[in-house]
Amino acid sequence: MKKELILFTGILIVTLALFAISKSTIFVESNLCVGCGDCVKVCPVDAIEIIDGKAVIDADVCIDCEICIKTCTYNAIRKNK
Ligand code: SF4
Ligand code: SF4
């Protein structure tokens, strides 16, 4: 019983650690982005900024809500599956 508990705790710790270090999979296809800024306006956590006329997503800030994907009429924002 003790062995199972140790194993379960280990698996839980590894899972939580992987979750903690995982980064957003949302990214901008910069060749499609026209720099309109619509995605910047809707991002709830201010993870997007326009740099040199293109949207750039800060993966450390992004919470993967996908609002920007639905907002971009140029289909310039994608998600790695
Ligand atoms: S909404 Fe789309 S086209 Fe406009 S800045 Fe964002 S990614 Fe670029
Ligand atoms: S997925 Fe959500 S949090 Fe991430 S950049 Fe887009 S709007 Fe912002």
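The following conversation discusses a predicted model and some of its local features.

Colleague: Which strand does β2 join, and how many bridges are there?
Modeller: Strand β2, residues 48–51, is joined to β3 by four bridges, and the two strands run antiparallel.

Colleague: What lies between β2 and β3?
Modeller: Two residues lie between them, and the strands form a hairpin. In the turn, Asp52 has a positive phi of about 50 degrees.

Colleague: Which side chains of β3 are buried?
Modeller: The side chains alternate along β3, residues 54–57.

Colleague: Leaving aside neighbours within four places in sequence, which residues is Ile57 in contact with?
Modeller: Ile57 is then in contact with Ile26, Phe27, Val28, Ala47, Ile48, Cys62 and Ile77.

Colleague: How many residues does the largest nonpolar core have?
Modeller: That core has 14 residues, and Ile48, Ile57 and Ile77 are those with the most contacts inside it. The elements that give two or more residues to this core are β1 (26–28) and β3. As general background, nonpolar side chains tend to be buried together in soluble globular proteins.

Colleague: A change of topic: is Asp46 buried or exposed?
Modeller: Asp46 counts as exposed because its relative accessible area is 66%, and the cut-off for exposed is over 50%. Asp46 lies in the loop between α2 (38–42) and β2. The C-alpha atoms of Asp46 and Ile57 are separated by 9.0 Å, and these residues are 11 apart along the chain.

Colleague: Now the ligands. Which residues are closest to ligand 1?
Modeller: Of the 13 residues that surround ligand 1, the closest are Cys33, Cys36, Gly37, Cys39 and Cys72. By class, the shell has 10 nonpolar residues, two polar and one charged.

Colleague: And which residues surround ligand 2?
Modeller: Among them are Ile26, Ile48, Ile57, Cys62 and Cys68. The shell around ligand 2 has 10 nonpolar residues, no polar ones and two charged ones.

Colleague: Is Cys68 buried or exposed?
Modeller: Cys68 counts as buried because its relative accessibility is 9%, and the cut-off for buried is under 20%. Cys36, by contrast, is partly exposed, with a relative accessible area of 40%.

Colleague: How many disulfides does a search of the whole structure find?
Modeller: The search finds zero disulfides. A disulfide is a covalent bond between the sulfur atoms of two cysteines.

Technical notes. Residues are numbered from 1 along each chain as its sequence is written. Chains are lettered from A and ligands numbered from 1 in the order in which they are written. This is a predicted model: local features need pLDDT of at least 70, side-chain atom pairs count only at pLDDT 80 or more; totals for chains, interfaces and linings use all residues. Side-chain values use heavy atoms; hydrogens and water are left out. Buried means under 20% relative accessible area, exposed over 50%, partly exposed in between (1.4 Å probe, protein chains only). Two strands pair if DSSP finds at least two bridges between them. A residue is near a molecule or strand if one of its heavy atoms lies within 4 Å of it. Ala, Val, Leu, Ile, Met, Phe, Trp, Tyr, Cys and Pro count as nonpolar, Asp, Glu, Lys and Arg as charged, and the others, Gly among them, as polar. A nonpolar core is a set of buried Ala, Val, Leu, Ile, Met, Phe, Trp, Tyr and Cys residues joined through side-chain atoms within 4.5 Å. Contact means heavy atoms within 4.5 Å. A disulfide is a pair of cysteine sulfur atoms within 2.5 Å.
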